[in-house]
Each structure stands twice: as structure tokens, then as C-alpha cells.
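Q: I'm new to this one and would like to learn how to read it. Can we walk through a few features together?

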Amino acid sequence: MIKDVLISIKGIQGIDDQTDTVEFITDGRFGIKDGNYFISYDESGMLDKGEEVKTQIHIKGENKVLLKRSGTINSRMLIEKGVRNQAFYSTPIGELTIGILGEEIDFKLNEKGGNIDLKYTIDSDLRLISRNSVNITIKEVKNDVNFSN
């Protein structure tokens with residue numbers, strides 16, 4: 001069953017001693033199908049005017065997370081614990097093939113929501129671009145409406 005949820009995301013991207021933190025809260029959709037979790041949300045509110053990006057996250061088993069973005073930015077990144085995967089990343093200013101090495105995938109989810117923690121590195125031609133940490137919290141939205149006094 002797919003349901004409306006509130007999604008809180010905190011991402012930290014860094015290299016050496018410099019880090020950049022992004023935090024936002026958005027509404028989205030969450031569900032379970034064949035034992036896999038699915039999350040979708042719109043990132044457009046965080047971007048420059050006129051840019052649109054829709055994001056889908058599929059949690060596949062214990063050690064794989066597929067992150068797909070479409071719109072102004074297009075990418076398909078498979079984050080797999082202990083494995084370096086290639087990803088294609090397309091932005092308005094150019095395209096790039098990157099490597100994604102999953103370091104940690106931890107999630108505590110049930111039909112009402114929960115938490116996802118990801119740690120991974122991004123490289124280009126095996127040169128480190130960034131170390132990344134992402135925490136996603138999913139909370140079920142109650143659609144109860146009470147019009148009585």
C-alpha cells in the first residue's frame with residue numbers, strides 16, 4: 001500500500017575538512033511491494049526557480065539502495081554496501097560518469113515509516129570527489145479530519 005508521508009532529509013557532503021550540510025522536509029509517498037520499500041518525493045522546492053527534480057528511492061534487500069532522480073538533474077545511483085558501482089549523472093551544465101562506493105546502509109522501516117542512514121563516497125576516475133552521509137526519516141501523515149467542536 002502506498003501512503004502519504006512526511007520526509008525529513010539531512011545530507012552531509014564533504015572532503016578533507018570542508019563539509020556542506022543540506023536539510024529539508026517535504027511531503028512524499030512511501031510503500032512496500034514484494035518486500036522492498038519505495039519512497040518518492042519532489043526536490044523542486046529546494047532548487048533554483050524553474051528547476052524540477054523528482055526523486056525515487058528503492059531499498060532492495062539489506063544492502064542495496066537505488067536512488068533515481070529525473071528532471072533538471074537525471075541520475076541513477078546504486079548504493080551497495082562494499083561495492084563500487086558506476087553511475088551516470090546529467091545536469092544542465094554537463095554529464096559525468098561517477099563511481100559510488102557504499103560504505104554503510106542501515107535502515108529501520110515498517111509500514112508506517114522509519115529511518116534510513118547511508119554513507120558512501122563519490123569518485124571520478126577513482127579520484128575522490130566527496131564523502132557523503134544521508135539520513136532520511138519517514139513519518140506517516142494522518143489524514144484524520146475532525147469537524148466537530
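Predicted model: local features only at pLDDT ≥ 70, side-chain atom pairs only at ≥ 80, totals over all residues.

Q: In which sense do β4 and strand β5 pair, and over how many bridges?

A: Strands count as paired if there are at least two bridges between them. Here β4 and strand β5 (residues 64-71) run antiparallel, with eight bridges.

Q: Which strand pairs with strand β4 (residues 53-60) over six bridges?

A: That's strand β3 (residues 36-42), again in the antiparallel sense. Here you can find Ser-40 opposite Gln-56 in β4.

Q: How do side chains sit along a strand?

A: In a regular strand they alternate between the two faces of the sheet.

Q: Does Ser-124 count as buried or exposed?

A: Buried means under 20% relative accessible area. Ser-124 counts as buried because its relative accessibility is 18%. You'll find Ser-124 in strand β9 (residues 113-124).

Q: What does Ser-124 touch, leaving out residues up to four places away in sequence?

A: Leu-96, Thr-97 and Ile-129. Also, the C-alpha atoms of Ser-124 and Gly-99 are 6.1 Å apart, though 25 residues separate them along the chain.

Q: And Ile-25: buried or exposed?

A: Exposed means over 50%. Ile-25, in strand β2 (residues 18-33), has 59% relative accessibility, so Ile-25 counts as exposed. With Leu-6 and Val-141, Ile-25 makes a nonpolar surface patch of about 250 Å².

Methods:
Residues numbered from 1 in each chain as written. Heavy atoms only, no water. Patch = residues over 30% accessible without salt bridge, like charges linked within 9 Å, V, L, I, M, F, W, Y side chains within 5 Å. Areas by Shrake-Rupley, 256 points an atom, 1.4 Å probe, with all protein chains shown as cover. Salt bridge = Lys/Arg side-chain N within 4 Å of Asp/Glu carboxyl O. Helix = DSSP H or I, 4+ residues; strand = E, 2+ residues; numbered from the N terminus. Buried < 20%, exposed > 50% of the residue type's maximum accessible area, 1.4 Å probe, protein only. Contact = heavy atoms within 4.5 Å.
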